[in-house]
Protein chains: 4
Amino acid sequence: MEYRWSYQIQLRDTDAAGVVYFANFLTICHAAYEASLSAAEIDLRWLISGSEVALPIVHASGDFKQPLYCGDLVQVFLSPSQINESEFQIDYRLCLMDGKVAGRVLTKHVAIGVIDRQRTALPYQVQTWLVG
Amino acid sequence: MEYRWSYQIQLRDTDAAGVVYFANFLTICHAAYEASLSAAEIDLRWLISGSEVALPIVHASGDFKQPLYCGDLVQVFLSPSQINESEFQIDYRLCLMDGKVAGRVLTKHVAIGVIDRQRTALPYQVQTWLVG
Amino acid sequence: MEYRWSYQIQLRDTDAAGVVYFANFLTICHAAYEASLSAAEIDLRWLISGSEVALPIVHASGDFKQPLYCGDLVQVFLSPSQINESEFQIDYRLCLMDGKVAGRVLTKHVAIGVIDRQRTALPYQVQTWLVG
Amino acid sequence: MEYRWSYQIQLRDTDAAGVVYFANFLTICHAAYEASLSAAEIDLRWLISGSEVALPIVHASGDFKQPLYCGDLVQVFLSPSQINESEFQIDYRLCLMDGKVAGRVLTKHVAIGVIDRQRTALPYQVQTWLVG
């Protein structure tokens, strides 16, 4: 499954170098992930702080190829895939409207129990979302 | 003129108290202002860093009435008004989908020359936007 | 009581206009408030998410007088005062090293029960901090 | 050379999951890099927006091993190394006060001309900083 999210770069995303602050490439991709969960009718508030299972990001990486400016329209293409019972990853491509890739991002998520902090199975809502 | 912008609260807007971080009420309102300028075909990149006139915010205030949670859908209603040749203000209402007001924000903007930092007339694009 | 906190403006505080993003004047002042609580040996993690009483900010305002640049050294002067049994406010002055005031900020905080969201007395640790 | 920077986790670094937002591990490491440049008497404002050479981050990655809470004291250990004439990287370890590693981060920086966006030599101030 591939999910697409459109976004216009906001002033808060940028820094005094005039372009998007590097860590905000990741933040924008995470917002696309949240939009994708929401589109699958997963309750974000519950997932973030109400569920017995947390889904912390244990790894992230990004390649930043083009500067992004305030007002730029971008599309984030998001490809999640399950790694094993308790882990999944998401590959993102951040594209300008002419199709040029501005950045690539990867995040790895692990399901853990909120109380015992031990690995556990991904919530079935997330498993369903993963298969699209 | 009144402009309306829809937004879904993102994880980055929240803090460990579980709700939107107070200063992000202002940030979300500013994003609505940017969307409104964009809808009026004003080039944000030019306005922020390419124009000879800067529009710094010299005053802001906010009343925060309801907590906002990750995933909440909000509408920002934005009412700009010109104060004088070089100043305008924007009143914002941040509403939940049931119409309940979650917050009110006010920002005051002054046009200054980028070089001399002296007050100057608002750019005509902004004057046009102000009259809707 | 007046508390002073030194801070160097970070890139993340700025935006593409080249200076500190307006809402981050408030964020920087809040960081000074956190440092002040910490200096009084109040456990921030407990106060934010472990206590039975929450202290949401219900009002904030700021006057932004001077642009702040990445790398600028500032001092935040913080003057808290109790309003009534359940409320206090903090006045902040953000000063450059030459003493010039770059901004003034005000925040109002109300103690509420985490469960019932009703006003309650300020935690005694906070009352003690308020009298310095 | 290894540089060490102490930092107390601020509320703005956290999200509604109760801990530091993943992208802010990178942001905190970048703040340590800025502090290191400042300690070497490099003018951050000049480096960010006044120099003829920009130093965009073209790659970043992070492994997040321990949750960080508001108020946590951390130390960031920063090890920069030059890759070639126009590139350097920084390895960061984010440690709790008991020495436990909470996260590891890597950033890669490339020197480019501000006008032509072509690779160029690292500014000599940065080269000097790299050799400690």
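Helices are DSSP runs of H or I with at least four residues, strands are runs of E with at least two, and both are numbered from the N terminus. Welcome to this predicted model, in which local features need pLDDT of at least 70 and side-chain atom pairs count only at pLDDT 80 or more, while totals for chains, interfaces and linings use all residues. Residues are numbered from 1 along each chain as its sequence is written, chains are lettered from A and ligands numbered from 1 in the order in which they are written, and side-chain values use heavy atoms, with hydrogens and water left out.

**View 1. Helix 1 of chain D and the residue that follows.** Helix 1 covers residues 22-39 of chain D, 18 residues in total. From its first C-alpha to its last it reaches 27 Å, close to the 26 Å expected at 1.5 Å a residue (the expected span is 1.5 Å times one less than the number of residues). Because 16 of its 18 residues are buried, helix 1 of chain D is largely enclosed by the rest of the structure; buried means under 20% relative accessible area, exposed over 50%, and partly exposed in between, with a 1.4 Å probe and protein chains only. After the helix comes E41(D), with a positive phi near 60°.

**View 2. V19(D) in its loop.** Look for V19(D) in the loop between strand 1 (3-8) and helix 1 of chain D. Is V19(D) buried or exposed? Its relative accessibility is 15%, so V19(D) counts as buried. Leaving aside neighbours within four places in sequence, V19(D) is in contact with D13(D), T14(D), P67(D), L68(D) and Y69(D), where contact means heavy atoms within 4.5 Å.

**View 3. Where chain A meets chain D.** Each side is listed here: 21 residues from chain A and 21 residues from chain D take part in the contact. About 1800 Å² is buried between them, 60% of it from carbon and sulfur atoms; this is the accessible area (1.4 Å probe) that the two parts lose on being put together, summed over both. Y21(A), F22(A) and F64(A) supply 27% of the area that chain A buries against chain D, more than any other three residues. On the side of chain A that touches chain D, helix 1 (22-39), helix 2 (44-49) and strand 3 (57-64) of chain A each give two or more residues. The largest share, eight residues, comes from strand 3 of chain A.

**View 4. Chains C and D as a pair.** A rotation of 180° with 0.0 Å of shift along its axis superposes chain C on chain D, with RMSD 0.0 Å (least squares on C-alpha atoms of residues with pLDDT of at least 70 in both copies). The two copies are thus related as by a two-fold rotation axis.
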